[in-house]
Amino acid sequence: MLNFRRFALIMMLLAWSSVVFGAGWLARSRLVPGAANRVTIHAPEYRLLDEAWGRVRESFIGEVPSDTIRNYGAIRGMLATLNDRWTVFVEPQPRAIERDHLRGQFGGIGVDIRIDEAGRVILTPRRNSPAEKAGVQAGDILVAVDGINFSNGAPFEDIAARVRGEVGTVVRITVNRAGRLIDFAITRALIEIPSVDWRVISDTAPNQTVIGYISIRQFTERTGSEVKQAITELQSAGSQAYLIDLRDNGGGLLASAIEVASQFLSSGNVLIEQKRNQTDGSIITVTHPVIGGGLAQRASLSVLVNRNTASASEIVAGALQDHGRARLIGEKTYGKGSVQLLFDLSDGSSIHVTSARWLTPNARAIDGVGLQPDIEAYRAEGEAERGIDSQLERALADLRAKSAASK
Amino acid sequence: MQTQQQGSGSGILKMVLLGLLGVFTGGLIFVAGLGVGVATSGEFALTAPSAVEPLSAPNADAEQGRPSGVDTALMNDVLRRLRSQWYGEMPNSDKLTDGAIRGMVAALGDPFTAYVEPRYAKILEDDASGTFEGIGATLRQVTGGGVQIVRTFDGAPAQKGGVLPGDLIEAVDGTPVSGLSTYEVAALVRGPKGTTVTLTLRRADVPKPFDLSLVRDRINIPLVTSKMVGDGKIAYVSLFDFSAQASAQLTTQLRELLRNNPSGLILDLRDNPGGLLSQAVEVGDIFLKDGVFIIQRDNKGNEERKSTTNRGIAQDIPMVVLVNAASASAAEVLAGAIQDYNRATIIGEQTFGKGSVQLPQSLPNGGQLRITIQRWYTPKNRAIHQMGIKPDYIVPMSNEDALQGRDPQLDAAVEYLLSGKEPAPTPFPTVSPRR
């Protein structure tokens, strides 16, 4: 039997994820109220910045960027002095897309965007999406969104920023279909970005262990409930063991990682966080215990990892490894052991601030080190093209052997 | 003086600027682009900023209205978040100031406009000897960050110590140079003869960064080398850079060579990073008749032209100019003018494309801003900036050639002058179609 939930590639999610999630960050979205803060803060000498910029405006031969770009440059420059590659400034448009993806959903019309070699924006509506229902067809070339011309192409973020919006609002799309311009008025609906897919893997041989395979692409706000749904469905389909695939999962939300790890653990900690008290410089340790009520606390378990398994993924993998709950199979992981907080600024831009280091439950620091798999397995070159996944096969074989032994 | 009113006010400002440019072009232009020379000749030395009166804080352009200052609310918001949550230690105000100015300057997207932090600016200003004492290498800013060794000089400490062109500098004496401009790195590398500097370098085929310790020395590099080639029929002169003695030394050696009645002349500007624009004009004057030599333009539409006169000692002899990708700035100006007037045939590779001038200005905190204030155009109004000069005949030279002691570019020049034989066209590069 097969319960296969397909991933729709929404709005070039993959291209985007290589930019943001690929960097492997882990974050909690949290807004600290911007109320008056009486603690004195170090600040740059603003008058000097104005003087420097005045001189640039006075004599620079090239085009002088707008004040907004100048402000963003100044913020980037300040953050660069921290010497932390994960503490970064994010401009409003990428931030909006990042926010959508962390939520796992957004208001949109459900159309994939591909930019062809000529720079044209090619549309493909998802099945049953508002775009398809309105009549958008695969291969339509995007000309304009709400009167903004995109016929000469544009970065994905610029297009997405126009197409997306609040659920229930209307976006006007003009497309070119074989030389004919067609207008659509499409009401935005909730478009989901699934982060998990799952299926039962059962061998034809009799008495083989039925394995529930759960692949997690990233840790969004919805990932915890998606994983719970996956386990429930896989259990009712007779799964006796689970294989979690965290390969190429660059991370996401800390809370989701804790929720996912907790499905497979009964007690103890998922991770240990170390933060700094900025008042006295001391280090504060915060433990994050397993949330009770996990749905698969005892079934045999393995985790697939590779060198792109990072951040929130490493929290899950590290916790399951430290608790002796699962064997890690694959490659040494990325090694990102810090936590970033996301702060939205007044103009829609945001900053990621490294706020903590995290350790595995056994207090292993993995930053720059990564997690060593219990069983190393590497994919040969060209495997993907030939539809082969030797790491997956290796993990399945190990899991079957382990379940057979424990029977 | 900076009080600006409509009309006459901008006239005053223009005068101030032109006055500054006069000083600047009169003796202070140097080639920032390719090489901040880490101790080569005076030209690469950073110009003494004290020689240039800093502009006082400019007010708004009268026409454009007062520019708004940086968004302090937004920046304070960032700082508050950091103050409450940042895991590391907070930098002090000076560091934040340096970072913010650096970030604003980076937003210009011009690799030549740079900020120099006060402590490095001080080293550069105090450093009188450093212009001739150091490790004997030139540096360049890599697009996307980082400072790279472009060139090392024969027998100088860098080359003897194993530094290779292309090496990226990670740290100098343990100080990481990430984010620093070329000028700042140069300030760290330079120093008096006999002292030691340790470079941490990253090299393409070496997995990890490594350290090299070098003892600084006095760098003596001949400005002009000359010889007869092509069975004694062709005169060859090579110009290392456009420092103060360039045209005088070139003239002296050229006079010697011309006594041999050569049938052709080769001027080698390969690896020449430029130098003083005034020297470029004087060198041009040796070969060119009277006419416009270079057009300089600033952001106000001001245009300045420099011309050659009709008194050169080598105005008619058949001539080839050799250039390569490391021919920059003043070297490109000269090659461009010579090409525009069809005075010589240009052979070699596309030049670097550095046709701009940076004016160093002191800021009240002791830091320096080096702002690109002018761009250069050839007599036929061709832009040099980012374009470079395309040779009449492209003749490549590989590392392999250099290692084997071969010089196909010089060979092509000699053959062209002796027999008129055009260099073979470069084969079209083999490319595989994108899938």
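Start at A:Val200, which stands opposite A:Gly212 in S12(A). This is a predicted model: local features need pLDDT of at least 70, side-chain atom pairs count only at pLDDT 80 or more, and totals for chains, interfaces and linings use all residues. Residues are numbered from 1 along each chain as its sequence is written, with chains lettered from A and ligands numbered from 1 in the order in which they are written.

Select 196-201 and 211-216 of chain A. These are S11(A) and S12(A), antiparallel and joined by six bridges. Helices (H or I, at least four residues) and strands (E, at least two) are DSSP runs, numbered from the N terminus.

Widen to the open sheet: six strands of chain A, ordered S11-S12-S13-S17-S18-S21, with mixed pairing. Its edge strands are S11 (196-201) and S21 (375-376) of chain A, each pairing on one side only. Two strands pair if DSSP finds at least two bridges between them.

H10 lies across S11, S12, S13, S17, S18 and S21 of chain A, at about 165 degrees to S17(A). Angles run from 0 to 180 degrees between N-to-C directions; axes are lines fitted to C-alpha atoms, for helices over the stretch in contact.

Now turn to chain B. The contact takes 55 residues from chain A and 57 from chain B. Residues are in contact if their C-beta atoms, placed from the backbone, lie within 7 Å. On the side of chain A that touches chain B, select H2(A), which gives the most, with 13 residues.

Key. Contact = placed C-beta atoms within 7 Å.
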